[in-house]
Amino acid sequence: MDEDLLTRVIAYSGYTVLCSAADGSIGDGQEGLWDHDCRILSRHRLSIADTRPTVVSSGQPSADRWEAVLRVARTGGSDAGPQLPQDALEIDVRRWIGPVLHETIRVQNHSAVGCQTTLLLEFDADFRDRLAEYDGDPPSRVERGWDEALTTLRFDYRAEHEGRTAIRGVRVGVVLATSPPKPVDAGFEFGIALEPNGEWSAQLEYASVVGSDVRTPDAAEHDRRSRQRARWAAGRLRIDADERLAAPFARAADDLFDLRNFELERRWTSNDDGAAWVVNAGMPMFTGFFGRDALTVGWQSAMLGPRATLGALAVAAATQATADDPWRDAEPGKMIHEMRRGPLTEIGLSPRDAYYGTQTTPAMFVIALSEAWHWTGDTTLLRRYRDAALRAFEWAETFGDLDTDGFLEYRQRSPKGLKNHGWKDSNEAVRYPDGRLVANPIATVEEQAFHYVALVRMAEILVALGEDEAADRFEARAARLRERWHEAFWMPDEGFYALALDADKRQVRSIASNAGHALGAGIVPPEQARVVADRLLEGDLFSGWGVRSLSNRHPSFNPFAYHLGAVWPVEQATFVLGFKRYGLDDHVERLVAAVLDAAVAFPDARLPEALSGHDRAEFTGPVRYPTANSPQAWSASAVVQVVQIMLGLYPFAPLHLLALVRPRLPEWLPAVTVRNLRVGRATVDLRFERRPDGSAAHRVLRRRGSILIVPAGPPQDVGGSTRTGEEALRFGLRVAPGRLARAARLGIGLV
């Protein structure tokens, strides 16, 4: 993208995204009507008598609706009348998406004098692929025509490459109109005759052609989704608290519903009732399935329920690679990075119809599976995805560890793939301290930490399934990795971990946020935990709104660089998790406050994909990363997880257990009530009230089903502020016999 989206209107549903100017027009930059990663309308302009209307007001009742009141002043008029100086034509525009676009235009004459005029709608379509900026534009042609019988303007697109063809199109049809349309070079126009205080209207439907399929607006389906949204909003988990907390949480929860991709749900989850969600990664750029994003969203937002996790697990398992395919950076057992649907993928100019250039998705699959079990207690999930999880580890051993040294290294094989396959996947992301680019293969610090926690969680899963010997092997592998990891990445002089190991296994000694993920994974030795946490919150990394992706002392730092200075909300949740895991209460409170402060500073209390790396003291509010998607699924899930961690909510549904891990509330938040929290088959309402020292007492307001609620200390506590009763759960799980107790020890991190 080449412009800031803050001034744009973004309405969306599934694969369809409408990005327009504030007046609803399309014509600049990334504005357009997009469907299946292709811009099917690149121009939409409305004018009356050659005059563009001005915006009086506009709004979005929901993510898939937009409406506006526009105005064109009438010339002439006098105080004596009958035409007055303030007389005008009002244009009301209403749009809904689901799929593609339905539009209603109504013109009202606010005058005692009639008029005759012309309304012109201009259209164009360039069928630009979302990936064109990376992969170029293919040889193609666009044909334009008018179908008089159907009163429809047609655009047809055809691209070809090496015997493969992509066919796209758009149909702009006039369904109803007070007067008939007339085709003109720019689009079509209507002659309008308006009586005094009279009205004219038209309804338009925009259909999308994708190969042999024609996608049309479906009013019944749109209404069904609206009812689902209403049921979700009424029945979901709720937070009653100060707006500084309640508003970002509610916005995040509802954004996750709105980011659902219904087409993918029908294809991959065999349900159409909302039991399993497949969420788009972010708007307007990231429609489709993005493996690590969706799985991260699932486990981060699990407090809201398992829906997002169930959908992500289903798609990731179904698309797991079975063959060695260098074009797609795929190897047997590897899990998918992204699936795009644009023309470039159809004709083979981009591998991103099914691209596997990531090391993160396999680990996130196992973590998400384990977390789903913790929240639901549903062992059938573990059985269903056991084999896919084990194949992911076979990939890691066979293909992920290129030099058999126990660490995962990555390399780019696809000429159209990504250079970096770690958490930071932009090509420029991994650099030496002097600013030089690090060549592949690379072993990044966070990917080893993700692999470590996946090994532990796989041991837990195997214990739950009665496979103790296999679980022992995974637990032993995790222990070996933990020991070797610290030796390889620790920089004693910096009190921090190196960003990566290069091809010669030398430390890439850049100071970056990547090491913070190791705290969340629990791989950091307790004696180093506080030092690492302190380093993350030093001024060169901590902006005041969150931890920067790269130290501002690094020569490559840029506050507007995607992975070389920007602040990512999704990372902050993991860092908060790490601080909580090691009992670093002050660190938790400081970073939680930063995240929530940033959220409420943005419109609708919505955290975008990324913030700039500017220091908080420089401006009155956070500066958004210029081309950040908003909403972004894992920014929404990060808010949910931050709230969960602050309240210390950690479930283990197989034992009908909800642990309250040292809940704390900041000074500005005297109380929080959580309603409709579901653990297994039980539902509970809890109220937390702040004590003078910041800790929080809790009361059970309502309980349905079998659930034991117990206080607990952090699993790897180095904070030194243990409260009465916190050690009981730890002791009980350590001495308790049985398969579920051992699984809980592994899952909670008592290893």
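The conversation below concerns the cysteines and the cavities of a predicted model.

Visitor: How do you know that the structure holds 0 disulfides?

Guide: A disulfide is a covalent bond between the sulfur atoms of two cysteines. To count here, two cysteine sulfur atoms must lie within 2.5 Å, and for Cys19 the closest cysteine sulfur, that of Cys38, is 15 Å away, which is too far for a bond. Taken from the side of Cys38, the closest cysteine sulfur is in Cys19, again at 15 Å, and therefore too far for a bond. The count of disulfides is accordingly 0.

Visitor: What makes Cys19 count as buried?

Guide: The cut-off for buried is under 20% relative accessible area, and Cys19 has 1% relative accessibility, so Cys19 counts as buried.

Visitor: Why is Cys38 called buried?

Guide: Cys38 has 0% relative accessibility, and because buried means under 20%, Cys38 counts as buried.

Visitor: How many cavities of 30 Å³ or more does a search of the whole structure find, and what volume does the largest cavity have?

Guide: The search finds 11 cavities that reach 30 Å³ or more, and the largest cavity has a volume of about 690 Å³. Its lining is made up of 40 residues, of which Arg457, Gly520, Leu577, Arg581 and Tyr650 are the closest to its centre.

Visitor: Which helix gives the largest share of the lining of the largest cavity, and how many of the lining residues are nonpolar, polar and charged?

Guide: Helix 14, which covers residues 569–581, contributes 6 residues, the largest share of that lining. Sorted by class, the lining of the largest cavity has 21 nonpolar, 11 polar and 8 charged residues.

Terms used
Residues are numbered from 1 along each chain as its sequence is written. This is a predicted model: local features need pLDDT of at least 70, side-chain atom pairs count only at pLDDT 80 or more; totals for chains, interfaces and linings use all residues. Side-chain values use heavy atoms; hydrogens and water are left out. Buried means under 20% relative accessible area, exposed over 50%, partly exposed in between (1.4 Å probe, protein chains only). On a 1 Å grid over the protein atoms alone, a cavity is a set of points where a 1.4 Å probe fits but cannot get out, and a pocket is an open set with protein on both sides within 12 Å along at least five of seven lines; lining residues have an atom within 4 Å of a point. Grid points are joined across faces, edges and corners, and a volume is the space filled by probe spheres set on the points. Helices (H or I, at least four residues) and strands (E, at least two) are DSSP runs, numbered from the N terminus. Ala, Val, Leu, Ile, Met, Phe, Trp, Tyr, Cys and Pro count as nonpolar, Asp, Glu, Lys and Arg as charged, and the others, Gly among them, as polar.
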